[in-house]
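Please keep the sequence and the coordinates at hand while reading.

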Amino acid sequence: MLNKNPLWRYILVSGMLLLALLYALPNLYPQDPALNISATRGGVITAQTQLALEQHFTAAGIASTSDMLSNGQLLVRFNSTEDQLQARDIATTQLGDDYITALNLAAATPAWLTAIGASPMKLGLDLRGGVHFLLAVDIKAALDKNLNDMAQTFRANLREDNIRYRSIEAEPATGQVLLQFRTAEEVTKAEAALKQRDRALIFNANVEALSLQFSFSEQQIKDIRDYALEQNISIIRNRVNDIGVAEPLVQRQGSDRIVVQLPGVQDTAQAKEILGATASLEFRLVDTEGDISAAIDGRTPPGSELFYSRDGQPLLLEKRIMLTGDHISGAMSGYDDYSRPQVNIKLDTKGGVMLSAASKDAVGRRMASVFTEYKPGTEIAADGNRVLVKQQEVINDATITTRLGRDFAITGINTSAEAQNLATLLRAGALIAPVQIIEERTIGPSLGQENIELGLTAIGWGMAAVLVFMALYYKAFGLVANVALLGNLVLIVGVMSLIPGATLTLPGMAGIVLTVGMAVDANVLIFERIREELAEGKSVQQAIHLGYDRAFATIADSNITTLLVALVLFGVGTGPVKGFAVTLAIGILTSIFTAVVGTRLVVNAIWGGRRLQSLPV
Amino acid sequence: MQVFNLSQPLNFMRLKWPAVMLSILLLIGSLASFFINGINWGLDFTGGTVIEAGFSQPADLAAVRQTLNSAGYDDAVVQLFGTSRDVMIRIPLRAEITQAVVGDTVLQALNAQQAEPVTMRRIEFVGPSVGEELKQDGGLAMLTALVGILLYVALRFEWRLSVGAVVALAHDVILTLGLFSVLQLEFDLTVLAAILALIGYSINDTIVVFDRIRETFRKLRDVSTNEVINSAITSTLNRTVITSLTTVLVLIVLFYLGGALIHGFATALLFGIAVGTYSSIYVASAIAEILGISREDMLPPAPVAEDGEGAVL
């Protein structure tokens, strides 16, 4: 019969709505300000730790409830943000350095909802407060470093193969390594020898100039870039964990950018210091033969380089690098047998072999640690950012007392604080390419809360205005459209809560408001069409049937184009705008569903298949 | 209840040429304003630092300027933001000191002057390269959206309608940008999002009219193009007005209740939707007519779903 639907359709659609409602439910529960406490360096949180903390909180007049999380973390909930902040100070002083105390917003989702995987929507930083950084990785620096490494490898290889060369120098300006020889025969021999070691290498031989030019292929450059980015990301992740942030986000963006989002962090100065400290370490032998005063005058002995220590003392170091910091797998501050501060360093296998070989014949000589930092200088690059300036200093030199292996210690550090500082930077690893903050957005907690309230008010009033209008204008059919609109809102929230990547932002909330206004469009199209069909003298059942049918093509066409725009918006947008695109796209899909499928079922159930003279439309 | 109860089609196309002239004038005005006034690009595009500070008392802007002057930020722009206790400070890009610390030092300077500490509500720093890229990406996004729509409408309808639709969209975008240029409203990332959403909304409107034009062409024989377009616009007029009305309704709510951060977004969409409603009636259809759309262009008919239930998902 016309305008009657089988029962399964009703069950299916109400089932979907109920499911969406179920997954939207966690958003109704408030989020508690909480502390996330975890132990570092293999420490454990015991029941005693928990009890002691609770006592301290009670003594300070702070009410709290805590639960131990499965992975050895302690979650303490509070009634207010003030309590939370005060408790953080107490916890930090009481627990000391071995624990990380992070501010968090803990969802108060009931256990039965958590059990089915329901959780509230993720809120963007503009709604929950926190800091957002966009970091640019200096790929040029990574390429230069790799060029230098290649030059060093070539030197070693040719020496091993007994092929004489005049000079092998990296030329960062041209992105090449220039190998110069004395005879044409050596040029060909060298090229053959180097190619035999690695067929992928590309050389450009210039026999007349007695030189070989090496440059990276496109693929190699891409690999270097990817590696630099990945290494930076993992290092930043480590550092961010050291700051103590719950749910941090560290993510690649584009070819050379990294997004770092730290929810709840207000003290951006500290975060910047930790993110911005791009340190690397090199170990080199001290050249005790060379003439330092001549070097200061500019006559540096070949094979050596002039450095300065922290207190300004000049020091001649061999050009050859024994080991670079990227082989360091761990560094810890500690004390030697005489309670003097030192840093214990652990290397990876390759690093261990390298250092062992390099220090074999160097026992009794001095080894210096060269600390390299990149800081934005005063010069402005073409892209408008400040050029990063390389600052190198010798932070320590110590006599090699024995052949070094995978584990060794740097001693001669003045204070334990300095040792700790050095160890922290080393543990975080040596960055292969320096990073620079090119965008920073900090949202205070009060503004975040305010934004949520503003967004909710706007959604509420916008919704109310549309509901009243539809009921007045379309009467009973208007009420049906209103049911669809409410269903639509539930679906949007449910879907947003289900999709792990979807984040609700302030523009996203504006998107929901906009969707509310535009979602009725499909129903307006249908209802207007029904009115037209009725005006043309069609029967009531015919009018409903044709109204839905004919309006559908229009609805589909007009919404596909809008969806297209949402996709473009998602593709080019970042952060808040992406959030807007997501809600817009979800809103379009759910509104088509509720307006076309949902209202049809309701309309059919009420008016379908009955003998009627008129319709309340 | 019904907004318009029309038994006869209104002769919209009678005003075709005046409408085209009006649009051309407005477009020229907008473009002239771009060149003369330019656009008041927000932080997202220019780079620089914005600090939003909350005061416990209504803020004394002169005192804040004084404080910033003595702290070395004589180029800072200080204004109220939303309420009298909320101050927004804009500081342009500068070379000599580390950009990233500007926000922190300004807050310190303010706190040193105030009896009660100000609360940090928002600090945003955007580097110069980021803003430049955003302009390019934003322009690219608009072009991509327009070309995508051009192709889709050409495929689903006809090239004359497609050109009409895209010209109407470009018209809406340029006029909205013109409004921001004339009034020197700040153009930030949310406004860019609003303009892209506007493209989505405006095309929605246009497609509904086109759909009806196609249908009317197929239904009525021996009728002039002029009459077909008039009839199509008239029969969709109720829908056009009501949907615009509900959307404008929520946008007004957003404008007044959504907070200062959403102001630009709501303004762009409010204006854009007014222009968009006009342009889907006049610009899009008028151009299709001027380009000479006729009944033959709409044939042979695409298979229209006639089989009852089939069209409902």
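Two strands are taken to pair if DSSP finds at least two bridges between them. The model discussed here is predicted, and the predictor gives the complex an ipTM of 0.85 together with a pTM of 0.76.

**Strand pairing in chain A**

- Strand S1 (residues 31–39) of chain A runs antiparallel to strand S4 (residues 99–107) of chain A, and nine bridges join the two; within this pairing, Pro33(A) has Leu105(A) as its bridge partner.
- S1(A) also pairs in the antiparallel sense with strand S3 (residues 74–78) of chain A, here over four bridges, and Asn36(A) finds its bridge partner in Leu75(A) of S3(A).
- Strand S17 (residues 341–347) of chain A is mostly covered, since five of its seven residues are buried.
- S17(A) is joined by four bridges to strand S20 (residues 407–410) of chain A, with the two strands running antiparallel, and Ala409(A) in S20(A) is the bridge partner of Asn344(A).

**Domains of chain A**

- Chain A is divided into domain 1 (7–26 + 445–607), domain 2 (31–108), domain 3 (139–218) and domain 4 (279–430).
- Between domain 1 of chain A and domain 2 of chain A, the C-alpha centres lie 42 Å apart.

**Overall form of chain B**

- Chain B holds 10 helices and four strands, and from the N terminus on its elements follow the order α-α-β-α-β-β-α-β-α-α-α-α-α-α.
- The radius of gyration of chain B is 25 Å, well over the 20 Å that the globule rule gives for 313 residues, and chain B is therefore more spread out than a compact globule.
- Along its principal axes, the C-alpha trace of chain B spans about 80 × 40 × 40 Å.
- Of the 313 residues of chain B, 48% count as buried, and among the contacts in chain B with a separation of 6 or more, 78% come from residues 24 or more positions apart.

**Helix H3 of chain B**

- In helix H3 (residues 61–70) of chain B, the residues Val64(B), Thr67(B) and Leu68(B) are buried; seen down the axis of H3(B), its buried residues fall within an arc of 95 degrees, so they line one face of the helix.
- An α-helix has 3.6 residues a turn, so residues three or four places apart point the same way.
- The buried residues of H3(B) pack against strand S2 (77–81), strand S3 (83–91) and helix H4 (102–113) of chain B, whereas the face of H3(B) turned away from its buried side carries the exposed residues Ala62(B), Asn69(B) and Ser70(B).
- H3(B) is followed by Gly72(B), whose phi is positive, near 95 degrees.

**Contact between the chains**

- The contact takes 71 residues from chain A and 64 residues from chain B.
- On the side of chain A that touches chain B, several elements each supply at least two residues, among them strand S18 (366–380), helix H13 (445–498) and helix H15 (540–572) of chain A, and H15(A) gives the most, with 17 residues.

**Confidence in chain B**

- The mean pLDDT of chain B is 85, and 93% of its residues reach 70 or more.
- Over residues 305–313 of chain B, pLDDT stays under 50, and for this stretch the model has 12 contacts beyond four places in sequence.
- Where pLDDT is low, the predicted coordinates should not be read in detail.

Note on methods: Residues are numbered from 1 along each chain as its sequence is written. Chains are lettered from A and ligands numbered from 1 in the order in which they are written. This is a predicted model: local features need pLDDT of at least 70, side-chain atom pairs count only at pLDDT 80 or more; totals for chains, interfaces and linings use all residues. A residue is buried if 20 or more other C-beta atoms lie within 10 Å of its own, exposed if 12 or fewer, and partly exposed in between; C-beta atoms are placed from the backbone. The arc is that of the directions from the helix axis to the C-beta atoms. Two residues are in contact if their C-beta atoms, placed from the backbone, lie within 7 Å. The radius of gyration is taken over C-alpha atoms; the globule rule is 2.2 Å times the number of residues to the power 0.38. pLDDT is the predictor's confidence in each residue, from 0 to 100. Domain bounds come from an automatic or database domain assignment.
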